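Please review the following briefing alongside the sequence and the coordinates. It is arranged by topic.

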Amino acid sequence: MTAIAIRPDVLRDVIAGALGDKLRSITVQLEEVTVVVSAADYLAAMQILRDAPGCQFEQLVDLCGVDYSAYRDVGVEGARYGVVSHLLSVSLNQRVRVKVFCPDDDLPVVASVSELWNSANWYEREAFDLYGIVFDGHNDLRRILTDYGFIGHPFRKDFPLTGHVEMRYDADQRRVIYEPVTIEPREVTPRIIREDNYGGLH
């Protein structure tokens, strides 16, 4: 029998009581609870969320990196890199989103939670590969999506859209070779449709 999910405002209060002074902020928006903790308290807070009565988030269903650099363009100050995790309690039928910000933009580091949830292993490797976020305590932190010789982190906002190098198979050398990118930058202008009833649209 599936447990009936408690209301988000009740869950917010339960989580706030469990985390205590480890909590930086907790909000309910669109019936979803979002928790923000500091990097120093991240691992301890995640363990509390897994183990505390009333929380019991047995599963980590997603973890991803975020580059907040564009937020400065809209007047929001703060750390550039963050990690967002989504936790699920099957036994209590409830979910929570946890955000943590890396204190150093030059070397973004947060604790690994792979010892708490095995599923974090590949998620953290993906965030490391694509954003360059280092997960302290991860036992096998290496690239997972890009090639071993890949330079940079392609999901960072300042990474060039064309990349730095391109690769191709060379039949004469019978191996893959890397060369500088030959794609010319181009300006992409969206097409504006002005015809009446174009494609059946009104």
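Tyr178 is found in strand S9; helices (H or I, at least four residues) and strands (E, at least two) are DSSP runs, numbered from the N terminus. Tyr178 is partly exposed, because its relative accessible area is 46%, where buried means under 20% relative accessible area, exposed over 50%, and partly exposed in between (1.4 Å probe, protein chains only). This is a predicted model, in which local features need pLDDT of at least 70 and side-chain atom pairs count only at pLDDT 80 or more, while totals for chains, interfaces and linings use all residues. Residues are numbered from 1 along each chain as its sequence is written, and side-chain values use heavy atoms, with hydrogens and water left out.

- Tyr178 belongs to a nonpolar surface patch together with Val165, Met167, Tyr169 and Val176, and the accessible area of the patch is about 520 Å².
- Strand S8 (165-170) and strand S9 (175-180) are the elements that give two or more residues to this patch, and S8 supplies the largest share, three residues.
- Patches are made of residues with over 30% relative accessible area and no salt bridge, with like charges joined within 9 Å and nonpolar side chains (Val, Leu, Ile, Met, Phe, Trp, Tyr) within 5 Å.
- Accessible areas come from the Shrake-Rupley method with a 1.4 Å probe, and for residues only the protein chains shown count as cover.
- S8 and S9 run antiparallel and are joined by six bridges; two strands pair if DSSP finds at least two bridges between them.
- Arg168 stands opposite Ile177 of S9.
- Four residues lie between the strands of this hairpin, in which Arg174 takes a positive phi near 55 degrees.

- Helix H3 covers residues 120-131, twelve in number, and reaches 16 Å from its first C-alpha to its last, close to the 16 Å expected at 1.5 Å a residue; the expected span is 1.5 Å times one less than the number of residues.
- Among the buried residues of H3 are Ala120, Glu124, Ala127, Phe128 and Leu130.
- The buried residues of H3 pack against strand S3 (59-67), strand S4 (81-89), strand S6 (109-111) and strand S7 (134-136).
- Gly132 follows H3 and has a positive phi, near 80 degrees; its place is in the loop between H3 and S7.
- Gly132 counts as buried because its relative accessibility is 7%.
- Leaving aside neighbours within four places in sequence, Gly132 is in contact with Pro108, Ala127, His153 and Arg156, where contact means heavy atoms within 4.5 Å.
- Gly132 and Val109 are 23 residues apart in sequence, and their C-alpha atoms are 9.0 Å apart in space.

**Other loop residues**

- Glu31, in the loop between strand S1 (23-29) and S2, has a positive phi near 60 degrees although it is a residue other than glycine.
- Glu31 counts as exposed because its relative accessibility is 68%.
- Gln56 is not a glycine, yet has a positive phi of about 50 degrees; Gln56 lies in the loop between H2 and S3.
- Gln56 is partly exposed, since its relative accessible area is 27%.
- Ser38 is placed in the loop between strand S2 (32-37) and helix H2 (42-51).
- Ser38 counts as buried because its relative accessibility is 16%, and Ser38 touches Arg24 and Val100, not counting residues up to four places away in sequence.

**Salt bridges**

- Side chains of opposite charge can pair when their charged atoms come close.
- The structure holds ten salt bridges, each a side-chain nitrogen of Lys or Arg within 4 Å of a carboxyl oxygen of Asp or Glu.
- Asp170 forms a salt bridge with Arg168, with the closest N and O atoms 3.6 Å apart.
- Asp170 counts as buried, at 10% relative accessibility, whereas Arg168 is partly exposed, at 38%.
- Asp51 and Arg50 form a salt bridge in which the closest N and O atoms are 2.7 Å apart.
- Asp51 is partly exposed, with a relative accessible area of 40%, and Arg50 is partly exposed, with 25%.
- Asp13 and Arg12 meet through their side chains in a salt bridge of 3.3 Å, N to O.
- Asp67, Arg80 and Asp158 are linked in a network of salt bridges.
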